Amino acid sequence: MKNGLTSLESWKALDKHYQETRKTSIRELFRQDPLRGNSLTLNAEGIYFDYSKHRITGKTLGLLFKLARERNLEARRAAMFSGEKINTTEKRAVLHIALRAPVEASIVVDGVNVVEQVHEVLGKMQAFAEKVRSGQWTGHTGKPIRNIVNIGIGGSDLGPVMAFEALRNYSMRELTFRFVSNIDGSDFAEAVQGLDPAETLFIVASKTFTTLETMTNALTARAWTLKALGDETAIQKHFVALSTNEKEVAKFGIDTRNMFGFWDWVGGRYSMTSAIGLSTMIAIGPEHYRQMLHGFHKMDEHFRTAPLEKNIPVIMALLTVWYNNFFNAQTQAVLPYENYLKRFPAYLQQMTMESTGKYITLDGHKVDYQTGPIYWGEPGTNGQHSFYQLIHQGTKLIPCDFIGFKKSLHDLPPHQDYLMANMIAQGEALAFGKTADEVAAEGVDEKLVPHKVFEGNRPSSTFLLDQLSPENLGKLVAMYEHSVFVQGVIWGVNPFDQMGVELGKVLAQNIIAELQGETKPSKHDSSTNALIQAYLRK
């Protein structure tokens with residue numbers, strides 16, 4: 001049966017409502033309801049969520065919640081938390097929520113309580129992390145490990161990098177952490193620059209232990225280590241694996257006792273709290289790591305139990321649908337006013353765009369509406385001196401998420417007040433702008449008035465937390481995870497597969513053989529053939 005999103009009564013009602021209200025400005029909405037800034041807010045799990053600066057009314061929200069219920073959101077949410085195999089294209093459960101469930105919880109998949117397995121791996125990770133942090137784990141020559149290099153790609157890299165940068169203030173400063181993902185040799189070369197192989201531990205993160213980029217870098221790391229240490233047995237002291245492929249791990253030379261496993265119900269972009277988080281645990285320590293897991297779990301529980309009308313991820317997702325599908329907004333900006341979150345937008349790009357960048361619905365039909373928007377961003381205030389011009393006075397509608405904290409991690413007055421003043425001011429400027437009359441009243445030359453007008457009416461959400469901590473990072477990541485899930489439910493797509501990444505990989509394998517002279521060039525199009533020949537003329 002064809003996906004019937006646009007034929008739903010709630011969808012039709014939203015379309016009609018959009019036509020009736022699309023010219024109503026945020027300025028006018030605040031004029032009609034001066035207390036709007038108090039009523040359209042949520043305060044849950046230590047997050048103050050202000051969504052008053054959106055082009056919505058109470059009727060808009062009511063229709064959006066009706067749409068969510070017509071799409072069976074509550075039942076789909078329950079199915080995910082109960083371990084049903086909602087990833088139907090791959091016939092898998094979706095249980096990243098189990099990775100942060102407390103030890104006493106029970107989530108049964110195929111007759112097994114997976115929470116017990118999760119905590120078994122967590123215990124193994126903790127024991128290893130403590131050995132490295134204490135210096136008990138030594139390299140081949142007896143020197144303690146001082147450098148940790150995580151080798152992965154996609155979720156096996158973006159999560160660990162983001163978490164390390166976000167929680168760098170909590171990290172063990174005596175240890176150096178670097179991350180390699182790109183198959184471009186420059187990435188590896190720079191990552192090991194200045195490191196002593198005798199003091200370096202590589203964490204190879206690949207579920208199958210066959211991922212081209214990861215294994216190419218891992219083999220280069222192996223050669224780099226052996227060149228310095230000269231003994232094959234050194235691999236066992238300088239490499240560990242985050243994988244499920246015991247045979248390939250052993251073949252590489254890694255002691256399988258130092259293999260940390262995970263499960264097929266953990267998607268790559270949802271895996272930062274699985275064994276993929278080993279580098280994070282080594283960096284910040286097991287106690288801080290468990291605080292981060294607790295933050296994830298608190299947001300999981302909020303999403304699972306809060307009614308839709310009081311549910312932060314649900315409201316976030318429905319606002320995304322509102323702008324994406326009715327205002328034809330193409331992108332979403334995520335703007336953290338905390339420099340430690342500089343990799344957060346890049347992390348969200350994979351989580352969101354690999355999840356909802358689909359044009360085929362769960363029932364196999366092509367959509368007749370837009371799905372996943374493009375997520376992007378940069379920390380404030382850097383972005384203000386880069387791309388905010390386009391957000392304020394450009395021709396594109398770009399909904400924004402501002403993320404701020406009441407307290408800095410460093411006692412450097414007056415930096416935090418200046419930072420937060422800028423964040424709050426940007427939301428105000430985007431929403432209300434400045435009219436021609438207001439500009440003229442400031443004595444601006446008449447010819448310059450049009451250039452200094454800010455139309456405003458640019459929507460934004462603001463998320464205000466106490467301080468960037470491991471627990472609060474967990475809440476923020478889980479908040480976006482669940483928002484993406486809701487978007488997938490509304491659009492009827494599977495947010496837990498990524499089949500669109502496969503074709504390029506397959507074609508690349510053929511071309512690699514051709515570039516290396518193993519096979520004769522196969523029949524490509526004229527452009528591809530010309531590019532291959534141009535590359536070979538070196």
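Which helices each supply at least two residues of the lining of the largest pocket? They are helix 7 (155-166), helix 9 (212-229), helix 15 (344-356) and helix 21 (502-515). Please keep in mind as you read on that this is a predicted model.

**The largest pocket**

Let us stay with this pocket for a moment. Its space comes to about 1,100 Å³. The lining is made up of 40 residues, and those closest to the centre of the pocket are T211, G268, Q498, E502 and K505. Helix 21 gives the largest share of this lining, with 5 residues. Sorted by class, the lining of the largest pocket holds 15 nonpolar, 16 polar and 9 charged residues.

**The chain as a whole**

Stepping back, the protein chain has 22 helices and 13 strands. Its radius of gyration is 25 Å, close to the 24 Å that the globule rule gives for 538 residues, so the chain is as compact as a globular protein of that length. The C-alpha trace spans about 75 × 60 × 60 Å along its principal axes. As for burial, 52% of the 538 residues of the protein chain count as buried.

**Aromatic rings**

Now to the rings. Searching the whole structure turns up 28 aromatic pairs. One of them joins W11 and F326: the ring centres are 4.8 Å apart and the planes stand at 40°, so this pair is tilted. W11 belongs to helix 1 (residues 9-21), while F326 sits in the loop between helix 14 (312-325) and strand 10 (331-336), so the pair ties together parts that are 315 residues apart in sequence. Both W11 and F326 are buried.

F326 also forms a tilted aromatic pair with W322. Here are the two pairs of F326 side by side.

| Pair | Centre to centre | Angle between planes | Class |
|---|---|---|---|
| W11 and F326 | 4.8 Å | 40° | tilted |
| W322 and F326 | 5.5 Å | 40° | tilted |

Why do W322 and F326 count as buried? Buried means under 20% relative accessible area. W322 has a relative accessible area of 0%, so this residue is buried, and F326 counts as buried because its relative accessibility is 7%.

**Charges over rings**

K237 lies over the face of W137, 4.5 Å from the ring centre. The charged end of R222 sits over the ring of F252, at 5.6 Å from its centre.

How values were computed: Residues are numbered from 1 along each chain as its sequence is written. This is a predicted model: local features need pLDDT of at least 70, side-chain atom pairs count only at pLDDT 80 or more; totals for chains, interfaces and linings use all residues. Side-chain values use heavy atoms; hydrogens and water are left out. Rings of Phe, Tyr and Trp (its six-membered ring) pair if their centres lie within 6.5 Å; planes under 30 degrees apart count as stacked, over 60 as edge-to-face and the rest as tilted. Helices (H or I, at least four residues) and strands (E, at least two) are DSSP runs, numbered from the N terminus. Buried means under 20% relative accessible area, exposed over 50%, partly exposed in between (1.4 Å probe, protein chains only). A charge sits over a ring if NZ of Lys or CZ of Arg is within 6 Å of the ring centre and within 35 degrees of the ring normal. On a 1 Å grid over the protein atoms alone, a cavity is a set of points where a 1.4 Å probe fits but cannot get out, and a pocket is an open set with protein on both sides within 12 Å along at least five of seven lines; lining residues have an atom within 4 Å of a point. Grid points are joined across faces, edges and corners, and a volume is the space filled by probe spheres set on the points. Ala, Val, Leu, Ile, Met, Phe, Trp, Tyr, Cys and Pro count as nonpolar, Asp, Glu, Lys and Arg as charged, and the others, Gly among them, as polar. The radius of gyration is taken over C-alpha atoms; the globule rule is 2.2 Å times the number of residues to the power 0.38.
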